[in-house]
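Please look at the sequence and the three-dimensional model side by side, and keep both in view while reading the paragraphs that follow.

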Amino acid sequence: MISAWINDLMKLTDENWTRYAFLSEPLVNRISPEKRIHYSRETALNSIELANEIRQKYSKISIAYLVEKLEINLIEKVAQDGGGFSMFASFEEPNVITVYKDISQATDKLIDDSGLRETVGNVKTIDLLFYHELYHFLEFTRDDVYSTQQKVLVWRIGPFKNISRIRCLGEIGAMNFSRELLKLPYSPNLFNVLMLYAQNPVSAERLYLKMLDVKEG
Ligand SMILES: [Zn+2]
């Protein structure tokens, strides 16, 4: 079942994934569909440039090496028991990246056991999680990251106005950045279904259907 789902998700296009990312954007109604595609493309291009810059600047692309060079505080945790949706990884300012080791190991095993290794390729889940969070670290530490520069006017009353970042661009950037560093021929979004499936197949099915739904939109 999971392998059929993954094969379905591999067929989604970049525009489908843009639509998916904007499903969780609080400001979605203030941004036209054309603008969403524009922001998403620019974010992807910038995150790919960033990945190439990292690759050129550092001789090795590995967690241990980048943690040392970029002075990141990496915490490897075990997720709490109890099933349901737990976090896979997170970034906390200024330099803390947390990854859940048991979930990433269970996901690697799921990929092997369900015959998905050839489809997914020789990628370790923990690398994908770390590189995703590394992008959020770069968003925080640099001032030239496109996804943090784009702002939308939320409201204006007389001389007062409130402008806000477009949060989902950070996710689009992190996905494209990790995809580029690992040279994946598909969106890392589908790992969210794999990671969830390894813990809770029912929640994973819900997420799979939500992702598949953007095809129609
Ligand atoms: Zn993220």
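Two strands are said to pair here if DSSP finds at least two bridges between them, while the elements themselves are DSSP runs numbered from the N terminus, with helices being H or I over at least four residues and strands being E over at least two. Strand β3 also pairs with strand β2 (residues 89–92), this time in the antiparallel sense and over four bridges, with V99 of β3 as the bridge partner of A89. A hairpin of three residues joins β2 to β3.

Before going further, note that this is a predicted model, in which local features need pLDDT of at least 70 and side-chain atom pairs count only at pLDDT 80 or more, whereas totals for chains, interfaces and linings use all residues. Residues are numbered from 1 along each chain as its sequence is written. The predictor's confidence in each residue, called pLDDT and running from 0 to 100, averages 94 over the protein, and 96% of the residues score at least 70.

Turning to the helices, α1 (residues 2–9) and α10 (residues 189–197) pack with their axes 10 Å apart and at an angle of about 165 degrees, where axes are lines fitted to C-alpha atoms, for helices over the stretch in contact, and angles between N-to-C directions run from 0 to 180 degrees. The two helices α1 and α10 are therefore roughly antiparallel to each other, a term used for angles over 145 degrees. Their contact, counted where C-beta atoms placed from the backbone lie within 7 Å, is made by I2, W5, I6 and L9 of α1 together with L190, V193 and Y197 of α10.

Helix α10 has a further partner in helix α11 (residues 201–213), and the axes of α10 and α11 come within 7 Å and cross at roughly 160 degrees. Helices α10 and α11 are therefore roughly antiparallel to each other as well. On the α10 side, the residues N189, N192, V193, L196 and Y197 meet P201, S203, A204, L207, Y208 and M211 of α11.

Terms used: Parallel < 35°, antiparallel > 145°, perpendicular 65-115°, else oblique. Contact = placed C-beta atoms within 7 Å.
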